[in-house]
Amino acid sequence: MSEPVVAKLGSLAAALRAQGSRVGVGELLAAHRALAAVNCASREDSRLALRTVLCSGRADLPRFDAAFAAVFGDGRAHEPAGELDQLGAIERAALPRAGIPGSAPPDGQEAGEPRAVPAAWSDVELLREKDFAHYSDAEMALARELIARLARRGPTRISRRTRPVKRRRGHTPDLRRVVRASLRTGGEPLERHWRAPSRRPRPVVLVCDVSGSMTPYARMLLQYLHASVAARRRVEAFAFGTRLTRITNELGGRDHDLALERAAAAVADFSGGTRIGAALAELNRVHGRRVGRGAVIVVLSDGWDRGDPALLDAEMARLRRSAHRLVWLNPLAAHPDFEPLTRGMRAAVPHTDELLAGNSLASLEELARILEEIR
């Protein structure tokens, strides 16, 4: 494959990623295989083949058309003859073993032999460690799907309901199935059946700080709140600045932009001051029954508080007694020299089970891992 074609396919993938489409290394390799399977002399066949493997949803179709026209032209002025035709000579069997398309085999290695595939550059890897405050609009759109995947991972607990299983130590006999199976053998219980406890989602409460100091992070964290409410049952979402606002209903639904608009309209103190103690006091007293006992509570705040530290300490202690696990996400904790020296953090840290940095996708992955391990 000629280097110009390889470069243009990379440019096509980059243009799609910039518009918010999910195009990674796997999709790019699939694009090479798709072009090898069609008549590359036909511009329309090549376009349809690439659109098939690079578009994962209806929203990607107009993005692909714009990106294809920008990279390969609008069709009136054709590329130099033979450039796309060279893709037809690719051996389909050799494509999965190829490391970098178009590269020659190393010295001493026969063509077509399996070899190690080197690591490739990926937008996702760059976004994992990047601070939310430095995200562009295109990067926010790209991170949306990643956040949705993380939000599907949540804590579980043992349910009183049981489920049929194969025999394991400690499981109880399923007498109803044993009796039913015995009807086939003249009433003799020859087949043994067992039941084991099932697992159900544990309640999760997300409390997000939307004050002025959290403005660079509030938009991305609200995306995580919306994805959690949409992906799992028994998730409650709250936002606070100087007062607490329940936004679970506003974040319901699959339309991401509409949900965030409703949530922003419901929160009256967006980008204002911070009174964490008063907000948690309202959570404990007004929404205590809705939160319930045994929930995993996640507070997303930088800890800058204008309220009374004694009130925050008392409300955190009260919240910890009713919660199964209390996790605090502080974007400032990502700094290597971070210490909880603010009044709010000094009052909150003694009552938290985990203190994480909520400033990047990597920190949300760590939160998802902790939530999955909770039993």
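**Charged side chains**

Guide: Glutamate 366 and arginine 369 stand three residues apart in helix H14 (residues 361–373), so about one helical turn separates them. Helices here are DSSP runs of H or I with at least four residues, strands are runs of E with at least two, and both are numbered from the N terminus. The model is predicted: local features need pLDDT of at least 70, side-chain atom pairs count only at pLDDT 80 or more, and totals for chains, interfaces and linings use all residues. Residues are numbered from 1 along each chain as its sequence is written, and side-chain values use heavy atoms, with hydrogens and water left out.

Visitor: How far apart are the closest N and O atoms of glutamate 366 and arginine 369?

Guide: Side chains of opposite charge can pair when their charged atoms come close. Here the closest N and O atoms are 2.4 Å apart, in a salt bridge (a side-chain nitrogen of Lys or Arg within 4 Å of a carboxyl oxygen of Asp or Glu). Elsewhere, salt bridges with shared partners link Glu44, Arg47 and Asp65 in one network.

Visitor: How many salt bridges does the structure hold?

Guide: The structure holds 19. Among them, lysine 130 meets glutamate 139 at 2.8 Å, N to O, and aspartate 174 pairs with arginine 177 at 3.9 Å.

Visitor: Is aspartate 174 buried or exposed?

Guide: Aspartate 174 is buried, because its relative accessibility is 5% (buried means under 20% relative accessible area, exposed over 50%, partly exposed in between; 1.4 Å probe, protein chains only). Arginine 177, at 27%, is partly exposed.
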